[in-house]
Amino acid sequence: MEKQGQKGGRLLLVPCPFQGHINKMLQLGSVLHSKGFSITKFLAQMISHQDPSHPQFSCIIYDEVMYFCPAVANHFKLPSIMFRTCSATTFLVRALIPNLHLQGCLPLPDSILQDPVPEHYPLRFKDLPITKFGSEEQNLRLMANLFNTEKSSAIIFNTVDCLEQSSLAIIQHQKQLPIFPVGPMHKLAPNSTSSILEEDTSCIAWLDKQARNSVTYISLGSIASMDAKELEEMAWGQANSKQPFVWVIRSSQKISPEWIESFTKDFKNSVGERGCIMRLAPQRQVLAHDAVGGFWTHCGWNSTLESICEGVPMICRPCFGDQNVTARYVSQVWRVGWQYENELERGEIEKIVLRLMVEEEGKEMRKRARGLKHVVEASIDDGGPSCNSLNELVEFIMSS
Ligand code: UDX
């Protein structure tokens, strides 16, 4: 897949094959193309056909997960730039995990879970992005590889300076590499789709009929899911709140498709016009809709940035990994959401939904979210930090 630019060199973009990662790389490619670069994506074997005396590419930009790229780039004497699609803070604190292992603290003992992580306020040990997938040994090896930027020329972050200033400053100090925070990418490349699967746009007509700020949007992104008990608690919590909602219920490895289908059908009948349930929503359009006043989210980094950019306050229920870090930042640093920490229970769900959608506290939270939206928006305006950072990135690539 190629795009021809006019004045820049040809860049090879190497994405990681997960939806959230591919989308961001496509957005970055589209932004760099608009700055005059030619773009080649996905064609891993092309690099091995490169003639070192007549380089086809001027630079490789790789998703951090594709950590073998810098070694290949070095072999062909090309610069390589890491593209980090998640938050800068997660990148930073993930580096603490191998040390915890060396100190014999993994798995984390219950006694320290609530303790603050020294020098990383407001994170607690329980918020660290320790993944439960795969073996501990595999994860530690992966983390060491992901944090190793020895052979990289620079790091691009899909983040905004005003959201993660101190984490970015520490990374800059530790890595001694040029750092380019150029987010939010979806605002710099607004015409790109947020999903590679087909979205159900019928909810937009339904939202048009709802009052301003009245609807809760519920979605857990593209990987996390609920089990049957959690789905039932969520359903009755939402129903009992008597507030309208749009709910994305995706297929789940935890429950059979037949169970989900019959549950969704019964629940739709019980809530009638007050609920709009679907498998995949046009999320950015939904969050931008005037009727949406709150987002029940797993705090995936893309969902969080999308919510912040539309000024929608959040109820955070992280499921794993970096989502815990982001939920903590949403609730304690940017203060545009609350974290739901306990097991899903219908009474608690009803309470937190009413708190956000109806009560005075929720209105205050919405005001703060609107304020943050304006600050983040300003970062991509001419002269804003993300805009400047993008221009510096272009200069950096051209002079490499
Ligand atoms: C994964 C991890 O879960 C997350 O922790 C990490 O930060 C990024 O990788 P994912 O679960 O896909 O992310 O969540 P998120 O990062 O929020 O991305 C989901 C994307 O899918 C968003 O851009 C969202 O707009 C889009 N989406 C989701 C839709 O367009 N429609 C939907 O119905 C649901």
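Predicted model: local features only at pLDDT ≥ 70, side-chain atom pairs only at ≥ 80, totals over all residues.

Where does Leu108 lie? Leu108 is found in the loop between α4 (97-102) and α5 (136-147).

Is Leu108 buried or exposed? Its relative accessible area is 15%, which is under the 20% limit, so Leu108 is buried. Setting aside residues up to four places away in sequence, Leu108 touches Leu100, Leu113, Phe125 and Ile130. Between the C-alpha atoms of Leu108 and Leu128, which are 20 residues apart along the chain, the separation is 10.0 Å.

I turn next to strand β6, residues 154-157. From this strand, Ala154 and Ile156 point one way, Ile155 and Phe157 point the other way, and all are buried. β6 pairs with strand β5 (residues 80-84) in the parallel sense, over 4 bridges; here Ala154 is the bridge partner of Ile81. β6 is also joined by 3 bridges to strand β7 (residues 179-181), and these two strands run parallel. In that pairing, Phe157 stands opposite Pro181 of β7.

My last topic is a pair of helices. Helix α9 (residues 228-241) packs with helix α14 (residues 346-357) at an angle of about 45 degrees, and their axes are 8 Å apart. The two helices are therefore oblique to each other, and their crossing is right-handed. On the α9 side, the contact is made by Glu232, Glu233, Met234, Trp236, Gly237, Gln238, Asn240 and Ser241; α14 contributes Arg346, Ile349, Glu350, Val353 and Leu354.

Thank you for your attention.

Terms used
Residues numbered from 1 in each chain as written. Heavy atoms only, no water. Axes fitted to C-alpha atoms, helices over the stretch in contact; angles between N-to-C directions. Parallel < 35°, antiparallel > 145°, perpendicular 65-115°, else oblique. Left-handed = near helix turned anticlockwise from the far one by under 90°. Contact = heavy atoms within 4.5 Å. Buried < 20%, exposed > 50% of the residue type's maximum accessible area, 1.4 Å probe, protein only. Pairing = 2+ DSSP bridges.
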